Structure formats: structure tokens, C-alpha cells
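Hello! Please take a look at the model below, and then go through my notes with it open beside you.

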Amino acid sequence: MLFKRKTASLAADSGEVLQEAPAAPAAPARPKKEKLGWFEKRDRRRRRRKIFEEVLGWILVPAFIYLIYLGVQAVGGIPKELIDFANELIAIAMKGSKG
């Protein structure tokens, strides 16, 4: 530290008159940390896990969609036969099996 307060012994040696400084109040005692039960611990773990999963989802899902897009572009687009097949599957699903 640049500026240190003189202690009582240094002040007495130098001949200065030193006034007694009021004693600093003792630091308030910290309350003991509340011990968590198994239910509270489980709840906190679950909350942390859900937040982690949400963040992971917001990062990974767009990454997967972008990688699929890049894969389709690398192949040269979606083949016409695949589009026709998908349309047939959708038509069958919408029609249902009312036999």
C-alpha cells in the first residue's frame, strides 16, 4: 500500500500525539448455510439439466438443419423421384386407412 497509517509504537517513537481510534465493530456473524435436503438437491439438479438441454437444443438444432442444407446442396438438390415418393406418402397418410 502506498499510504499506511502509523501504528501506536511508531507514533510514540516519533514523539507525535496519537489519539485512540474507535475500535471497529466486529463483523456480523454470517448465518450458517442452510443444508439442503435430497428433494431440494434433486430439484436444483433437474433445473440445471433442463436449462442445459434448452441451450444445447438452441445450438444443435439450427446446426443440424444447416448441415442437412449443405448436404442437399452438395448432392445437387433433392431428386425429383424422392419428391414424388414423399408426395405419395403424404397422400396415403392424409387419406387414412378407411377400408
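1. Asp 84 forms a salt bridge with Lys 80, and their closest N and O atoms are 3.1 Å apart. Lys 80, at 57% relative accessibility, counts as exposed. Both Asp 84 and Lys 80 lie in helix H3 (residues 80–95), 4 residues apart, which is about one turn of the helix.

2. A word on what you are looking at. This is a predicted model, in which local features need pLDDT of at least 70 and side-chain atom pairs count only at pLDDT 80 or more, while totals for chains, interfaces and linings use all residues. Residues are numbered from 1 along each chain as its sequence is written, and side-chain values use heavy atoms, with hydrogens and water left out.

3. Next, confidence. The pLDDT is the predictor's confidence in each residue, from 0 to 100. The protein averages 82, and 71% of the residues score at least 70. Among its elements, H2 has the highest mean pLDDT (95) and H1 the lowest (59). Where pLDDT is low, the predicted coordinates should not be read in detail.

4. Now the overall plan. The protein has 3 helices and 0 strands, and from the N terminus on its elements run α-α-α. Helices (H or I, at least four residues) and strands (E, at least two) are DSSP runs, numbered from the N terminus.

5. How much of the protein is buried? Buried residues make up 1% of its 99 residues. The accessible surface comes to about 10,500 Å², and 64% of that belongs to carbon and sulfur atoms. Accessible areas come from the Shrake-Rupley method with a 1.4 Å probe; for residues, only the protein chains shown count as cover.

6. Back to charge pairs. Side chains of opposite charge can pair when their charged atoms come close. A salt bridge is a side-chain nitrogen of Lys or Arg within 4 Å of a carboxyl oxygen of Asp or Glu, and by this rule the count comes to 3. One of them joins the side chains of Asp 43 and Arg 47 (2.8 Å, N to O). These two residues are separated by about one helical turn because they are 4 residues apart in helix H2. Asp 43 is partly exposed at 34%, and Arg 47 is partly exposed at 45%.

7. Arg 49 forms a salt bridge with Glu 53, with the closest N and O atoms 3.8 Å apart. Arg 49 and Glu 53 are also 4 residues apart in helix H2, so about one helical turn separates them. Arg 49 is partly exposed at 44%, as is Glu 53 at 46%.

8. Finally, look at the surface. A nonpolar surface patch of about 1,100 Å² includes Ile 51, Phe 52, Leu 67 and Leu 70. Leu 67 has its place in helix H2 and is exposed, with a relative accessible area of 53%. Patches are made of residues with over 30% relative accessible area and no salt bridge; like charges are joined within 9 Å, and nonpolar side chains (Val, Leu, Ile, Met, Phe, Trp, Tyr) within 5 Å.

How values were computed
Buried < 20%, exposed > 50% of the residue type's maximum accessible area, 1.4 Å probe, protein only.
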